[in-house]
Amino acid sequence: MGKVKVHRASPSLDMTPMVDLGFLLVTFFMLTATAAPEEPVSVDMPSSVSEIKIPETNVLLITISKEGKVFFSIDGKYNRQELLNKMGERYNIQFSEEDKSRFAVMSSFGLPIGNLKQYIDMPPDERKNVEQPGIPVDSLNNQLKDWIIFSRMTNPSLRIAIKGDSDSNYPVVEKVINTLIDNKVNRFNLITNMERTKPS
Amino acid sequence: MAEVSQGGGGGGHKKGGKVRAKKSSTRIDMTPMVDLAFLLLTFFMLTTTLSKPQTMEITMPEKPKPEDKLPEVNEKKVVTLILGANDKIYWYHGITDPKVELTDFSANGIRKVLMQQNAQIPGMILLIKPSDESRYKNMVDILDEMNITNMQRYALVPITSTDKELVKESNL
């Protein structure tokens, strides 16, 4: 009696290719991921049809919030240490080595230089609760100007980008732009979102 | 040396109290590792930002030095755009006795105006004057509009008190 034996498939299937692919993707995303920098304010950018991407390095970012506060950020750890050093000399504020290394890993900030040391000395999770008044850009006390000058001295290949909130008032933007022009920065970038509808 | 069991080669059928080295399976359960891998994969996929923000490059003219002579232009070529409050655009052609008109940022608004004026006025020069009530968005939008309509000559200039009065008088 030739009994036909039903071939039973083994219930454990070979997962190796899937796992390989999984790890490949993990590696890819781990290497490409850049942690989104923390921002003290959320900024809703206007949109434009421009398709130029912002460079990844050597960027000096000036953020303008809805209320017209100005925030400053620059990339590069060593540049930041150097910058703080120079700013400290300019305003006669003594920043310790620890301050500098803490400043090097900070995100953007919007404080007058006088309050900066105190801010740096705070633990990172307390910094979030600080109400930042913005960097002074008035003609009498234009600290943004010094930040820009010393940043460019530290890193001459800097590109300057302005990230403004759609609803920020023009006079503040004008002040920032005039500060830039006064320091012979005639070419800068305005960061925008992608336009959703293409123009006809 | 007989005591050393050699990888469990084949001493299975020997009885008689000999301790047999247990052959452990070469298959290990990879499930937790795979779980973790996929957890990480999900995490990185969700947190990564692939789309970088766009940027608009603008180049402002250098500040004129006192000894520089500013170029003079024919007023017939000049079109002034004043960015007002609430996304309004006031615009006029020429300088003397201008007729102020109102438009907006829609495709039928400013874009049409720019196209028409550009066709009528050869070598048109646009002066963009954002008022104090205008917002940053307005400035970006108008610069964007310049790119879309491919305007060659435009400048961002500060608003003057004459312009403010013109806007007020126009009652638009």
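Student: What percentage of the residues in chain B is buried?

Tutor: Of the 172 residues in chain B, 34% are buried, where buried means under 20% relative accessible area, exposed over 50%, and partly exposed in between (1.4 Å probe, protein chains only). This is a predicted model, in which local features need pLDDT of at least 70, side-chain atom pairs count only at pLDDT 80 or more, and totals for chains, interfaces and linings use all residues. Residues are numbered from 1 along each chain as its sequence is written, chains are lettered from A and ligands numbered from 1 in the order in which they are written, and side-chain values use heavy atoms, with hydrogens and water left out.

Student: Which secondary structure does chain B have?

Tutor: Chain B has 4 helices and 6 strands, taken as DSSP runs numbered from the N terminus (helices H or I, at least four residues; strands E, at least two). Along the sequence the pattern is α-β-β-β-β-α-β-α-β-α.

Student: Which residue of chain A meets B:Glu57 in a salt bridge?

Tutor: The partner is A:Arg187, at 2.9 Å from N to O. B:Glu57 lies in strand 1 of chain B and A:Arg187 in strand 6 (residues 187-194) of chain A, so the pair joins two chains. B:Glu57 is partly exposed, at 33% relative accessibility. Both residues also belong to a network of salt bridges with A:Arg159.

Student: And what does B:Asp141 pair with?

Tutor: The side chain of B:Asp141 meets that of B:Lys137 in a salt bridge (3.4 Å, N to O). Both lie in helix 3 of chain B, 4 residues apart, about one turn of the helix. B:Asp141 is buried, at 17% relative accessible area, whereas B:Lys137 is partly exposed, at 28%.

Student: A:Asp146 bridges to A:Arg90; which helices are tied together?

Tutor: A:Asp146 is in helix 6 (residues 143-154) of chain A and A:Arg90 in helix 2 (residues 77-91) of chain A, so the pair ties together parts that are 56 residues apart in sequence. Their closest N and O atoms are 3.4 Å apart.

Student: Is A:Asp146 buried or exposed?

Tutor: A:Asp146 counts as buried, at 5% relative accessibility, while A:Arg90 is partly exposed, at 41%.

Methods. A salt bridge is a side-chain nitrogen of Lys or Arg within 4 Å of a carboxyl oxygen of Asp or Glu.
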